[in-house]
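Subject: Structure for your review

Dear colleague,

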Amino acid sequence: MTEEKFVFTSLARKRIFTVIGIGIVLLVVGMLLLSGGVGIDEPEHTRIYPEDIHHDHPQFEHVDWTYRVIKNLWHNNIFFVGIAIIGVFFIAFNYVAWAGWSAAIKRIPESFGYFLPVGAVLTILTFIAFNHEIFHWTHGYLTDPDDPRYDELIAGKSGYLNVGFFLVRTIIYFALWILVWYMLRKFSLAEDLEGGVTYYNKSIVWSALFLVIFGVTSSTSAWDWTLSIDPHFFSTMFGWYVLASWLISGLATITLIVLFLKDAGYLPYVSQHHLHDLGKFMFAFSIFWTYIWFAQFLLIYYANIPEESVYFVERLKADAYTPIFFFNLIINFLIPFLVLMTRDAKRQGIILKVVAIAILIGHWSDFYLMMTPGILGPHGGFDYLFFFVELGMTMIFAGIFAFCVLFGLSKASLIAKNHPMLEESTHHHVY
């Protein structure tokens, strides 16, 4: 196979920096509006919670405008970290499965790992700087029996939920993920130079190791970074739920980049059959996410245990979040399910682009719904400031992620030219 190089042109860089710049401007405008008191506790807003919701976050009564900015920083960072690690996960499970079809596109998810060091730094620094604003359990008075604000339930979790152990776990997650990504990338590039199956076999071993690591850390990181925002909530399915949301978002991102590269004249070995498989992945895991969502919701609804049901009550019955709750279901299930049901739809680039973009919007909203009520309480929800604060922060992170990925793509051949399964991939055919 001839080598194909991706050129990260000055025009592409300029467009990315333009997106980041627009995002910064929107965010600054939003922050100025918030700091001036716009959008905070305005009388015309009907963002109330039903009486059966009891909150213990002190910021719910006096929400400072900075909480919204901090929440968006954490929300977007965790969302894009998830997409980045799914790139490594995609490579790993294809190696372990001895899958040949994906060899022609493996360099795309492989480049996602370039965002992981950025995400690691942002995650650690954000937690150190703003842990009280994001996580209620970090307040020391909650575990002090002599304090009137003592919380027996949170105190019972303090062996796991404490600032020091949280930081250690977060560092371990990123250290393990980045190490495996680095080794897989190293083997992949060495394979380009030397050929043979030595590096392929090593990649299988490291991929199998990663699947064991990720099987544990995908859940524990979800508990730490997302579930513990609502420290009174219990759900044994939450780790799978976050993994499903990350996974479908990562698959949508891979599909989008493949399509954009093909539109730019790259990836000549990628055919409609590869697109069909990517479409099947998006279709299947949208259904999988819906299954996890419904199973978690149904079990909690049926049991009606207050510590569990309050999580859905504050999202389903509150004026601030009810529209997002149903929007989440429609865009994350109905659109992929109905649009990608036919065989031809999975082979049409324009359809796959529309569905992939819808999935990314939908699962960004899913993470919004997971995090915002626990941080902002009744002061969250979509409003006109959303187009400044939320959109601005998302554009900044999307631009940074795109820069990291395209930078990674430009550092090696777009085609893993000596991959043992590449011949199979170029002749891949879906009947």
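L267 is buried, as its relative accessible area is 0%. The model is a predicted one, and this should be kept in mind for everything that follows. L267 is found in the loop between α8 and α9, the latter covering residues 272-303. The phi angle of L267 is near 55°, a positive value in a residue other than glycine.

A second residue with a positive phi is W98, a residue other than glycine whose phi is near 55°. W98 is placed in the loop between α2 (65-96) and α3 (107-111). With a relative accessible area of 57%, W98 is exposed, whereas L267 is buried.

Returning to α8, I also examined T255, which lies in this helix (residues 238-263). T255 has a relative accessible area of 0% and is therefore buried, the cut-off being under 20%. Leaving aside residues up to four places away in sequence, T255 touches L278, M282 and L352.

I then turned to a pair of helices. The axes of α10 (residues 306-316) and α12 (residues 349-376) come within 10 Å and cross at roughly 95°. The two helices are therefore roughly perpendicular to each other, since angles of 65 to 115 degrees count as such. On the α10 side, the contact is made by Y311, E314 and R315; on the α12 side, L369, M370, P373 and G374 take part. The residues of this contact divide into four nonpolar, one polar and two charged.

As to the protein as a whole, its secondary structure comes to 14 helices and zero strands. The radius of gyration is 22 Å, close to the 22 Å that the globule rule gives for 431 residues, so the protein is as compact as a globular protein of that length. Taken along the principal axes, the C-alpha atoms fill a box of roughly 70 × 45 × 40 Å.

Buried residues make up 58% of the 431 residues. Among contacts with a separation of 6 or more, 84% are accounted for by residues 24 or more positions apart. The accessible surface comes to about 17,900 Å², and 69% of this surface belongs to carbon and sulfur atoms.

Yours sincerely

Definitions and conventions
Residues are numbered from 1 along each chain as its sequence is written. This is a predicted model: local features need pLDDT of at least 70, side-chain atom pairs count only at pLDDT 80 or more; totals for chains, interfaces and linings use all residues. Side-chain values use heavy atoms; hydrogens and water are left out. Axes are lines fitted to C-alpha atoms, for helices over the stretch in contact, and angles run from 0 to 180 degrees between N-to-C directions. Helices (H or I, at least four residues) and strands (E, at least two) are DSSP runs, numbered from the N terminus. Angles under 35 degrees count as roughly parallel, over 145 as roughly antiparallel, 65 to 115 as roughly perpendicular and the rest as oblique. Contact means heavy atoms within 4.5 Å. Ala, Val, Leu, Ile, Met, Phe, Trp, Tyr, Cys and Pro count as nonpolar, Asp, Glu, Lys and Arg as charged, and the others, Gly among them, as polar. Buried means under 20% relative accessible area, exposed over 50%, partly exposed in between (1.4 Å probe, protein chains only). The radius of gyration is taken over C-alpha atoms; the globule rule is 2.2 Å times the number of residues to the power 0.38. Accessible areas come from the Shrake-Rupley method with a 1.4 Å probe; for residues, only the protein chains shown count as cover.
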